[in-house]
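Visitor: I have some questions about the labels used here. Could we go through them one by one?

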Amino acid sequence: PTTQNTLSLHDALPIYDDEAFTFTFNATTPMSWTKSRAKEDTSSLYAKMTDMGGAYYVTCYGAGAKAKNIPGGCGTSLPSSYHKAARYDSDYVRFTSAGEWHYISSWVKEDGYDYAVLVGVSGKSYHNVHGVWSPDSI
């Protein structure tokens, strides 16, 4: 029998600290975001889902130094200090199952931002997503 390896290179070489997050989606809050975290280099963001109630999409935003203490949240729009920093306008990564992980490309550092924010968007109402993420990968 064959076995599926669920370890990523990120798991094998944990250089950056993963931080737990929860996204909450419902009819009035189709967007959810993490707190801002310092972005140290130009590597991709990393995200891994540990529990989820439905598929959703993730992208990244950048923010300047004033965003240092902005907590995560949910709603219909992001804080005004957050700026789209995905490499491409349509650069959303789709997550469909628990245990799934992805590197998420961004222009956070290249665009001059000091902080990264992971943003989730879902069309399905009333579900939560739990996972870990890091603003920097390998």
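Guide: Start with a polar contact. In this predicted model, the backbone nitrogen of Ser97 is 3.0 Å from a polar atom of the Glu100 side chain.

Visitor: What makes that a polar contact?

Guide: The cut-off is 3.5 Å for a pair of N or O atoms. The Ser97 to Glu100 distance is 3.0 Å, so the pair is within it.

Visitor: Where does Glu100 lie?

Guide: Glu100 is in the loop between β8 and β9 (101-104). Setting aside residues up to four places away in sequence, Glu100 touches Ala47, Lys48, Met49, Arg94 and Phe95.

Visitor: How do you know that Glu100 has no salt bridge?

Guide: A salt bridge needs the charged atoms within 4 Å. The nearest side chain of opposite charge, Arg94, is 7.8 Å away, so no salt bridge is counted for the buried Glu100.

Visitor: Why is Cys60 called buried?

Guide: Buried means under 20% relative accessible area. Cys60 has 0%, so Cys60 is buried.

Visitor: And why is Cys74 called partly exposed?

Guide: Its value is 39%, between the 20% and 50% limits, so Cys74 counts as partly exposed. The disulfide count is zero.

Visitor: Which residues of the largest nonpolar core touch the most other members?

Guide: Phe23, Met49, Tyr56, Phe95, Ile104 and Leu118, out of 20 residues. Elements giving two or more residues to this core include β1 (19-25), β4 (45-52) and β10 (115-121). β4 gives the most, with four residues.

Technical notes. Residues are numbered from 1 along each chain as its sequence is written. This is a predicted model: local features need pLDDT of at least 70, side-chain atom pairs count only at pLDDT 80 or more; totals for chains, interfaces and linings use all residues. Side-chain values use heavy atoms; hydrogens and water are left out. A nonpolar core is a set of buried Ala, Val, Leu, Ile, Met, Phe, Trp, Tyr and Cys residues joined through side-chain atoms within 4.5 Å. Buried means under 20% relative accessible area, exposed over 50%, partly exposed in between (1.4 Å probe, protein chains only). Lys and Arg count as positive and Asp and Glu as negative; His and the chain ends are not counted. A polar contact is a pair of N or O atoms within 3.5 Å; within protein, one must be able to donate a hydrogen and the other to accept it, and residues adjacent in sequence count only if both atoms are side-chain atoms. Contact means heavy atoms within 4.5 Å. A disulfide is a pair of cysteine sulfur atoms within 2.5 Å.
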